[in-house]
Amino acid sequence: MSKFRLDEVDHQILDMLIDNTRVPFTDIAKKLLISAGTVHVRVKKMEDAGIIQGSSLTLDYEKLGYSFIAYVGVFLSNTSQTKFVLERVSEIPFVTVAHVTTGKYNIFCKIRAKDTKHAKEVIFMIDDIDGVYRTETMISLEESINDKKRLMHTIFKEL
């Protein structure tokens with residue numbers, strides 16, 4: 001499959017959609033001085049090429065009472081248990097991200113909790129999974145960088 005080519009208009013459309021996935025195509029069209037049909041066609045082409053995959057909604061977990069974030073490194077007794085452990089981890093709703101990794105940990109998870117007591121309960125849930133040898137936890141004091149645009153801008157400059 002050939003590489004999809006983005007032009008400046010595609011880049012500007014993506015920029016606006018990253019800021020707000022619900023922005024109407026008519027608003028994008030007005031800002032870019034193109035037709036809403038053109039925006040629709042370009043977004044559809046980017047979706048078909050797999051560049052745009054769905055859309056997402058960002059929740060303010062702090063306002064919902066889940067401001068505590070921790071990262072849990074999971075050590076497995078045996079790497080052949082990875083799939084089984086990931087299936088069990090995916091059943092814990094407070095684990096919001098999990099990566100299979102190389103290096104120190106077999107699996108690296110991000111958890112959200114109400115407070116330290118709740119985080120301890122979540123970590124114990126992970127510890128109790130068959131195949132988990134032990135865990136190591138790091139508490140997030142602050143999310144300092146969460147920028148969805150910087151990488152896209154860098155990639156676009158390379159094109």
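## A walk from the sheet to the helices

Strands S2 and S3 run antiparallel and are joined by 5 bridges. That is the starting point in this predicted model. One of the residue pairs here is Val95, whose bridge partner in S3 is Ile111. Between S2 and S3 lies a hairpin with 6 residues between the strands. Within this hairpin, Gly103 takes a positive phi near 95°.

Now widen the view. Strands of a sheet pair through backbone hydrogen bonds, in either a parallel or an antiparallel way. S2 and S3 belong to an open sheet of 4 strands. Its order is S2-S3-S1-S4, and the pairing is antiparallel. Which strands stand at the edges? They are S2 (95–100) and S4 (132–139). Each has a single partner strand, so one side of each is left without a neighbour in the sheet. On average, neighbouring strands are turned by 20° against each other, direction ignored.

Move to the other end of the strand order. S4 pairs with strand S1 (residues 68–76) in the antiparallel sense, over 7 bridges. Val72 stands opposite Thr137 in S4. Ile139 also has its place in strand S4. The C-alpha atoms of Ile139 and Ala70 are separated by 4.3 Å. Along the chain, these two residues are 69 residues apart. Leaving aside residues up to four places away in sequence, Ile139 touches Phe68, Ile69 and Ala70.

Helix H4 (residues 82–89) lies across S1, S2, strand S3 (107–113) and S4. H4 runs at about 170° to S2.

The UniProt record, an unreviewed entry, places the feature "domain: HTH asnC-type" at residues 6–67. What is the make-up of the chain over residues 6–67? In the model, this stretch is 53% helix and 0% strand. The C-alpha atoms at its ends are 37 Å apart.

Helix pairs are the next topic. Two packed helices are described by the angle between their axes and the distance between the axes. Take helix H2 (residues 25–32) and helix H3 (residues 36–48). They pack at an angle of about 110°, with their axes 8 Å apart. H2 and H3 are therefore roughly perpendicular to each other. Their crossing is right-handed. From H2, the contact uses Phe25, Thr26, Ile28 and Ala29. From H3, it uses Ala36, Val39, His40 and Val43. By class, this contact has 6 nonpolar, 2 polar and no charged residues.

H3 also meets H1. The axes of H1 and H3 come within 11 Å and cross at roughly 85°. H1 and H3 are therefore roughly perpendicular to each other. On the H1 side, Val9, Asp10, Ile13, Leu14 and Leu17 take part. They meet Val39, Arg42, Val43 and Met46 in H3. The contact of H1 with H3 has 7 nonpolar, no polar and 2 charged residues. Val39 and Val43 of H3 are also among the residues that touch H2.

H1 has a further helix partner. Helix H1 (residues 8–19) packs with helix H6 (residues 150–158) at an angle of about 175°. Their axes are 11 Å apart. How do H1 and H6 run, roughly parallel or roughly antiparallel to each other? The angle is over 145 degrees, the limit for this class, and H1 and H6 are therefore roughly antiparallel. H1 brings Glu8, His11, Leu14, Asp15 and Ile18 to the contact. H6 brings Met152, His153 and Phe156. By class, there are 4 nonpolar, 2 polar and 2 charged residues here.

Technical notes
Residues numbered from 1 in each chain as written. Predicted model: local features only at pLDDT ≥ 70, side-chain atom pairs only at ≥ 80, totals over all residues. Heavy atoms only, no water. Axes fitted to C-alpha atoms, helices over the stretch in contact; angles between N-to-C directions. Helix = DSSP H or I, 4+ residues; strand = E, 2+ residues; numbered from the N terminus. Parallel < 35°, antiparallel > 145°, perpendicular 65-115°, else oblique. Contact = heavy atoms within 4.5 Å. Nonpolar A, V, L, I, M, F, W, Y, C, P; charged D, E, K, R; others polar. Pairing = 2+ DSSP bridges. UniProt positions renumbered as here; feature names shortened; annotations may be inferred. Left-handed = near helix turned anticlockwise from the far one by under 90°.
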